[in-house]
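Please open the structure in a viewer and keep the selection tool at hand.

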Amino acid sequence: MPQPHPPLTRAEVAKHNKPDDCWCIIDHRVYDLTDFLDAHPGGSVVLAQVAGKDATAEFYNLHRQEVLERYKDSLCIGVLEGETPEVIEQKPGDLSPVPYAEPLWLRPQFSSPYYKDSHRRLQRAIREFTDKYVTPEAQQKEKDGTYISQELIDRMAETNILAMRLGPGEHLHNRTLLGGVVDGKEFDYFHDMIVAQELVRANARGFQDGNMAGMAISLTAVKQWLKNKPLRDRVMDEVLSGKKKMCLAITEAFAGSDVAGLRTTAEKTPDGKYYIVNGTKKWITNGMFADYFVTGCRTRMGFSVLLIPRGEGVETTPIKTSYSTAAATAFVQFDNVKVPVENLLGEEDKGFIVIMSNFNHERFMMVCAVVRMCMTVVEECLKWCNQRIVFGKKLIEQPAIRQKLARMISLCESNQAWLESITHQMCNMTYAEQAKHLGGPIGLLKLHATRSAGEIADLATNIFGGRGLTQTGMGRVIEMFNRTYKFDAILGGTEEILADLGSTTDLRTTDADTNAT
């Protein structure tokens, strides 16, 4: 820790201009870099070049503000006399001051009919939680590929973040949500959307799925469709308390979006008390650490869904994909696994409605996430374009760059508006009505959001240039997004499947109405 100095002047700083006595100025603060030269990741030469000088322009032409935050306590020796730092420092939970970095409803000059005080309280609380607890772990796990810590799971269980991720319902009615920022009975799909959008701001796509995404897309089906109430209550309690983990096991090497083509079989024993399950599942999120598998199987006359505990005959092996192994993506084998008939979700041979209905909330959450990530990418681009100087101008002063930014902003704003419109419909429909009327619209929204993400990723990478291909430094968020946005385009139903679902659903409804008239 450097010793405090009396008030410093620019003339005083200018005297410390040698490699063995190296000071510089960044944003009106003075930094003693003498002992840091050899440790600087970019080498000592570049620091020696700014010794005794104001390096503000040079620093922000290369670095993010968070770099200064990391080293300020150890290297900053004071503020220049009569001068005040200009850069806005962000605290955990703060909104971004960057234009278009936040949804319209969070900008102070705008209003919205959708949000109440409870939504704003929840947004502040979940952002602070994410900044303090999720982001540090997410960044570390994304790098080393290890799985989510039990400590973070326990923290999310204690604050009932795990329970909130299932969406509205009676499971929230007697719980204290994040210290009481919202009443469980008041929790609606806008609260649900806020939780989904704030958690992804950890900017780590692999860990984003590794952070109990498997639970969020499978326990919803258990809650709605498992008829055995004692079993349902026990499993809900185990998972929402963080003691057990769960995943959705539908996709196979033989069939992905084509659920009807699945080959995993479940045959009843002669006494009718058990199913014997045989087959494989592939690309199963959280499969490596899951204790329960909500599994799609072929039964005698159709398709059924079973809750299968990890046990004898269940084997998982890791699959490496484009994002971090922190997602715990697995290949799952079921070899003569004995499952009680009480573990059936819905009715035998009628599991298609279980999966199709459950897809709505899964796709809704994916839309929330990818739309929010697109906004974060826009924020990163706006920051960079105001920092980076080329051809003697800031990037933001180049008309070609402003055209790219305008397109990105337009896509983000329109997708968020469409998402809020769908969310409003969800708030005013029962689960059954959502399953009947919203499958197509949510599918089309997901299609449009992921197509937009592809265009935004392309534009952002071009804006950042080589940094947009680098996993560290200024462009790391852009590189991560460009490498991983396709997960949202494929998981939960591919773009082509959703386009067909959205268009044919509307056509069938139109034909039925026409025939009725």
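In which crossing, left-handed or right-handed, does α10 pass α11? The crossing of α10 past α11 is left-handed (left-handed if the near helix is turned anticlockwise from the far one by less than a right angle, right-handed if clockwise).

Before going further, please note that this is a predicted model, in which local features need pLDDT of at least 70, side-chain atom pairs count only at pLDDT 80 or more, and totals for chains, interfaces and linings use all residues. Residues are numbered from 1 along each chain as its sequence is written, and side-chain values use heavy atoms, with hydrogens and water left out.

**First stop: α10 and α11**

Select helix α10 (residues 213-225) and helix α11 (residues 229-240), whose axes come within 10 Å and cross at roughly 160°. Axes are lines fitted to C-alpha atoms, for helices over the stretch in contact, and angles run from 0 to 180 degrees between N-to-C directions. Helices are DSSP runs (H or I, at least four residues), numbered from the N terminus. The angle makes α10 roughly antiparallel to α11 (over 145 degrees; under 35 counts as roughly parallel, 65 to 115 as roughly perpendicular and the rest as oblique).

Now display the side chains of Met215, Leu219, Val222 and Lys223 on α10, and of Arg232, Val235, Met236, Val239 and Leu240 on α11, which make the contact (heavy atoms within 4.5 Å). These residues divide into seven nonpolar, no polar and two charged. Here Ala, Val, Leu, Ile, Met, Phe, Trp, Tyr, Cys and Pro count as nonpolar, Asp, Glu, Lys and Arg as charged, and the others, Gly among them, as polar.

**Second stop: α8 and its partners**

Next select helix α8 (residues 189-199) with helix α12 (residues 351-387); their axes come within 8 Å and cross at roughly 50°. The two helices are therefore oblique to each other, and their crossing is right-handed. Among the contact residues are Tyr189 and Met193 of α8 and Phe364 and Cys368 of α12.

Finally, colour domain 2 (106-211) and domain 3 (230-349), with bounds from an automatic or database domain assignment. Their C-alpha centres lie 27 Å apart. The two domains bury about 1300 Å² between them (accessible area, 1.4 Å probe, lost on being put together, summed over both). In domain 2, select Tyr147, Gly206 and Asp209, which lose the most area to domain 3.
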